[in-house]
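User: I'm new to this one. Can you walk me through it?
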Amino acid sequence: MIRRRQAATAWLFLTPAVLFFTLLFFLPIGNQLLTGLYDADGVSFVGLGNFSRALSDPEVVHSFLITLLYAAGTLIVGTAVGLGLAVILNQALPGRTLFRSLLLIPYLTSVSIVGLLWRNILDPQVGILNRLLESLGLPGQTWLSTHPLATIVGITVWSGAGYTMVLFLAGLQGIPGLYYEAARIDGAGPWRRFFAITLPLLAPTTLFVSIIGLISTLQQFALPYIVTGGGPGNATSLYAHRLFIVAFNDNDFGYASALSVLLLIVVLVLSLAQLRIGDRANA
Amino acid sequence: MPSLDRRSFLQLGLGATVLGAVGTGCSPATPAAQKQDARTFTIYWNAGHGYQVYKDVIDQFGKDHDLEMNWQKFQWPDLTTKLTADFRSGNVPDLVEEVSAGTGTQYGLAGNVLALDEFATADQAFGFPGDFIDQAVVARQYEGTTYSIPLHLTANGLVFYNKEMIDKPPATWDEFLDLARSTTKDKVSGTALNSDASYAAPFYSQQNVDFSQVGAKQFMVPQDGARKALQFMQDLIFTHKASPAPVATTDYSGPQKLFSAERAAMFVSGPWDIGPIRQGSPDIDLGLAVPLTGAVQASSMAGSGLMIPAKAKDPELSWELITRLTAVKTELAATKESGMSMPRKSWAADPAVAADPNLGTIAKALAVVADQDVALAASGKAAQITELWKKAYQQMIIQHAPVEQTLADFRKQAGAAL
């Protein structure tokens with residue numbers, strides 16, 4: 001009787017969470033899936049037509065490929081920068097708390113502000129970066145025209161480095177100091193200690209950073225939308241931007257829903273693959 | 001019946017409270033809130049058109065009808081996004097500014113905005129369409145039905161020039177090129193092209209090019225004229241270095257900002273840039289010249305309108321606000337404030353307008369406006385094809401893609417979209 005009563009209480013407490021996820025996640029996902037089976041008019045049933053159309057749509061394929069490039073660039077550079085900063089700021093340096101806080105500011109800043117800020121900084125005619133280069137006798141650059149995707153990767157890394165650093169800092173502080181002490185006694189130098197102790201013991205953190213990073217980069221929309229509007233041409237029209245264009249410009253919500261379901265599947269598959277790789281590495 | 005101890009009782013009570021709170025949060029809005037909502041009048045407006053005179057009209061309208069006026073301002077792309085979502089959800093504003101002629105037709109044919117002819121016919125004093133310039137009206141009609149009322153009527157293609165840098169404005173493409181090259185020095189560019197693809201319209205119109213001929217499923221024809229126009233623009237940037245390559249953004253004010261910063265000697269645009277230049281750089285001696293002549297002299301029609309969503313709470317009220325916002329008195333005040341040109345014939349005939357040299361130039365530009373293909377808006381594919389054009393234009397103007405091939409690709413894609 002007591003166990004049944006406890007179970008009832010547990011269900012009462014769980015119900016809000018179940019309701020929350022059902023109403024705000026599972027039902028919308030189901031609705032997306034259903035909408036994806038219909039044409040732009042929302043009436044004509046097309047089955048899996050929207051899904052097969054996506055696979056042969058050159059704009060969608062292009063946006064998916066550049067999104068993978070963007071995700072890879074952001075993950076690799078972002079992880080390296082975050083880890084580097086964490087290692088540096090894990091040392092007993094003067095003012096490290098201040099630096100840690102300062103580095104977190106871009107992450108805490110609204111993506112709209114970050115986008116507008118960098119759009120102004122990178123403006124080839126009146127942007128501060130080119131003025132700085134010119135004052136140093138260097139030629140000005142048209143960052144957003146010649147290397148738009150790389151520039152968006154750079155801004156994303158700048159914006160997220162502080163957060164990655166905090167995660168790695170937490171990981172670093174969980175590594176017992178005696179490992180380093182023993183390695184030092186055995187004559188291991190700083191690089192050896194980093195590759196033999198720090199990096200392997202940070203594997204769970206790295207896995208977490210990469211999964212979170214992958215999910216957010218595959219869904220990236222706001223930054224390229226604000227900085228370049230997906231241009232020039234379609235050079236920064238990432239998958240989520242393409243999806244947005246299909247829905248709100250072309251007014252084809254059936255196709256857009258199918259695209260969003262495909263994105264969900266890709267994110268799920270890649271995240272599960274990462275988890276499997278992480279499990280094997282830990283084993 | 002099982003007995004409850006105090007601990008279990010408290011647990012169950014707390015659980016029920018949490019559940020009740022969630023249920024309350026998920027419940028529909030109360031009738032009182034709905035009543036409040038009925039007294040709120042929502043307007044979607046372009047952020048660049050938030051003139052004081054419109055604010056005064058809207059405030060007065062709210063007072064007269066005891067309404068809370070919710071005047072929301074957006075950049076055009078954001079307004080379009082929000083409106084599309086609203087049409088889907090059925091929760092629409094009461095009045096919307098239309099980005100350009102044809103947009104209302106597209107929404108109207110889909111049943112999302114109201115046909116306005118009955119309102120206009122019943123309101124003879126309003127003077128529609130008689131007192132409105134024909135081009136502004138015709139571009140908003142399809143098969144005799146009107147889906148929006150013109151708010152502004154402007155022309156893209158005016159040559160803005162800095163009188164301290166240029167004595168005599170260019171009249172032809174050759175003169176434009178010569179002046180752009182001769183005024184390019186140090187940090188000043190002779191001209192500045194726009195990243196917004198709609199700013200190519202004056203150039204291709206001056207080669208007698210139609211953007212679309214939906215009936216024939218053709219785009220940017222005749223092809224030779226289109227190639228000439230886009231090649232001319234591309235050469236200004238990459239061959240003559242007389243214009244910086246524009247930066248891809250959703251903002252169309254780049255050339256105006258360069259001009260205001262005295263980093264560009266001239267640029268091609270419309271009356272909407274007069275106000276920002278006057279306010280931002282009052283020291284600049286601004287000159288305004290009529291559209292250039294290529295094969296012909298031409299400008300492209302621009303200017304927003306007003307439309308009423310089909311599910312607006314009270315369309316009669318929305319119509320009344322339209323009549324106030326487009327009254328000739330309001331038009332004259334808006335012109336005085338911003339330099340914007342207006343669609344009423346009685347506005348054009350007003351002595352204050354006729355005596356203004358800038359407005360005289362705008363009137364000349366309006367006289368050479370190229371015809372619009374109203375069938376494009378009616379096709380329901382205008383937005384999709386405009387997006388394809390945006391991509392092609394940026395590839396040519398920013399990324400230096402070959403003009404002929406890019407235009408050919410655009411024609412193919414646009415034809416397929418139709």
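User: What is the strand order in the open sheet of four strands in chain B?
Analyst: The order is S9-S12-S8-S13, with mixed pairing. Strands pair if DSSP finds at least two bridges between them. S9 (189-191) and S13 of chain B are the edge strands, each pairing on one side only. Strands here are DSSP runs of E, at least two residues, and helices are runs of H or I, at least four, numbered from the N terminus.

User: Where do these numbers come from?
Analyst: This is a predicted model: local features need pLDDT of at least 70, side-chain atom pairs count only at pLDDT 80 or more, and totals for chains, interfaces and linings use all residues. Residues are numbered from 1 along each chain as its sequence is written, and chains are lettered from A and ligands numbered from 1 in the order in which they are written.

User: How do S8(B) and S12(B) pair?
Analyst: Antiparallel, over four bridges. B:Tyr161 sits opposite B:Met266 of S12(B).

User: New topic. Which strands pair with S1(B)?
Analyst: S2 (residues 68-74) of chain B pairs with S1(B) in parallel over seven bridges. S3 (residues 95-98) of chain B also runs parallel to S1(B), joined by two bridges.

User: What faces B:Ile43 in each?
Analyst: B:Trp71 in S2(B), and B:Leu95 in S3(B).

User: Why is S1(B) called largely enclosed?
Analyst: Five of its seven residues are buried, so the rest of the structure largely encloses S1(B). Buried means 20 or more other C-beta atoms lie within 10 Å of a residue's own, with C-beta atoms placed from the backbone.

Conventions: A residue is buried if 20 or more other C-beta atoms lie within 10 Å of its own, exposed if 12 or fewer, and partly exposed in between; C-beta atoms are placed from the backbone.
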